[in-house]
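Subject: Handover of a structure and notes on its features

Dear colleague,

Please find the sequence and the structure below. My notes on what was found follow directly after them.

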Amino acid sequence: MRHGRKATVFQYGHRAYYVLRGESSMFVSKSRIILKTCGSTTLLKAVKPLIYVVRDLTDFDVVLDIFYSRKNFMRPELQDKPHTSFEDETEALDQLFDGSAYCLGRINRDCWYLYTLNPLEDFIGVQVPDQTLEVIMEKLDPKVMKIFTKEVCSTAKEATQKSGIDKLMPGLAIDDYLFDPCGYSMNGLFKGGYYVTIHITPEPGYSYVSFETNYPQESYSDLINRLLKLFCPGKFIMTLFANKLSVASLSNCLTHKVDFKGFCRKELQFSHFKNYDLTYALFAKAPS
């Protein structure tokens, strides 16, 4: 564990949710582990040890599904193996799983990579509603990004309140962190085990904000509009996973009808997997 990270426990009734905070986020619940990171952290090197720990300490012995995804890197040459290319990442994952790799979007422009398991023959799938929304924003308003620096805010709580993140999704228990001299991450939980995580790189020239949640909604349009108003990006990628039991499956079907004021839709793709449907869309600021 790197210096500066902190483990936090959220208690809801008889359930405990453990969250690792810092430049990376890790959510651990009874049947799922979620890791999200930024920078040059070699995330995939954690997969094999995690499988070993789960098998050693629990009754679980089968990985039912895995989703590894990311946007194409701005500076891939700065990454350490196996994150030097998606081909290298796929090779590393293929050593552990029987899976398939996908690329959505334009290979020579903005694109989004995904690796997921090939479903087992007798695997029925997740038998509870399940969904994940991710919004990746770039070319952000410099004035907004300044909030996430020690030059403007002295504490994470101040940055959370000044930016309006604390009002983004009411009822969220927030654990936030402000880096020195700049950078921000927030992890939050709703009752029922739904999570929200935000990571922000505010530096001019390569500003970046990622937002992710599994909170169920029939439509995420209002939430995305609030994100756009809060961060003022020049472009953003939206991905939505939902299984058939999720209320968000309807949102997947209606995405082709959704527009966001001031933005043009550049890409829209749908993918159907055995247990999930995926929507990918890229939006860019409309010419003024």
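The protein chain holds six helices and 15 strands; helices (H or I, at least four residues) and strands (E, at least two) are DSSP runs, numbered from the N terminus. This is a predicted model, in which local features need pLDDT of at least 70 and side-chain atom pairs count only at pLDDT 80 or more, while totals for chains, interfaces and linings use all residues. Residues are numbered from 1 along each chain as its sequence is written, and side-chain values use heavy atoms, with hydrogens and water left out.

The chain as a whole

Of the 288 residues in the protein chain, 47% are buried. Buried means under 20% relative accessible area, exposed means over 50%, and partly exposed lies in between (1.4 Å probe, protein chains only). The accessible surface of the chain comes to about 15,600 Å², and carbon and sulfur atoms account for 54% of that surface; these areas come from the Shrake-Rupley method with a 1.4 Å probe, and for residues only the protein chains shown count as cover. Among the contacts (heavy atoms within 4.5 Å) with a separation of 6 or more, 57% are between residues 24 or more positions apart.

Strand 13 comprises residues 235-242, and eight of its eight residues are buried. In a regular strand the side chains alternate between the two faces of the sheet. In strand 13, Lys-235, Ile-237, Thr-239 and Phe-241 point one way, whereas Phe-236, Met-238, Leu-240 and Ala-242 point the other way. Phe-241 has a relative accessibility of 9% and therefore counts as buried.

Which strands pair with strand 13? Strand 8 is joined to strand 13 by eight bridges, and the two run antiparallel; Ile-136 has Ile-237 as its bridge partner in strand 13. Strand 15 (residues 277-285) also pairs with strand 13 in the antiparallel sense, over eight bridges, and Lys-235 stands opposite Ala-284 of strand 15. Two strands count as paired if DSSP finds at least two bridges between them.

A further antiparallel pair is made by strand 3 (residues 24-28) and strand 4 (residues 33-37), which five bridges join. Strands 3 and 4 form a hairpin with four residues between them, and Ser-25 has Lys-36 as its bridge partner in strand 4.

Asp-130 lies in the loop between strand 7 (111-117) and strand 8 (131-138). Is Asp-130 buried or exposed? Its relative accessible area is 8%, so Asp-130 is buried. The side chain of Asp-130 makes polar contacts with the side chains of Arg-32, at 3.1 Å, and of Tyr-276, at 2.4 Å. A polar contact is a pair of N or O atoms within 3.5 Å; within protein, one must be able to donate a hydrogen and the other to accept it, and residues adjacent in sequence count only if both atoms are side-chain atoms. Apart from neighbours within four places in sequence, the residues in contact with Asp-130 include Phe-241, Ala-242, Asn-243 and Ser-246.

Backbone features in loops

Two cis peptide bonds may be noted. One joins Lys-81 and Pro-82, with omega about 10°, and Pro-82 lies in the loop between strand 5 (67-71) and helix 2 (86-94). Another joins Asp-180 and Pro-181, with omega about 15°; Pro-181 is in the loop between strand 9 (173-178) and strand 10 (184-189).

Lys-139, a residue other than glycine, has a positive phi near 55°. Lys-139 is in the loop between strand 8 and helix 3 (142-146), and it counts as exposed because its relative accessibility is 59%. Cys-232 also has a positive phi, of about 55°, although it is not a glycine. This residue comes just after helix 5 and is partly exposed, with a relative accessible area of 31%. Within helix 5 (residues 221-231), the buried residues include Leu-223, Ile-224, Leu-227 and Leu-228.

Helix 1

Leu-57 is in helix 1 (residues 47-57) and is exposed, with a relative accessible area of 64%.

Yours sincerely
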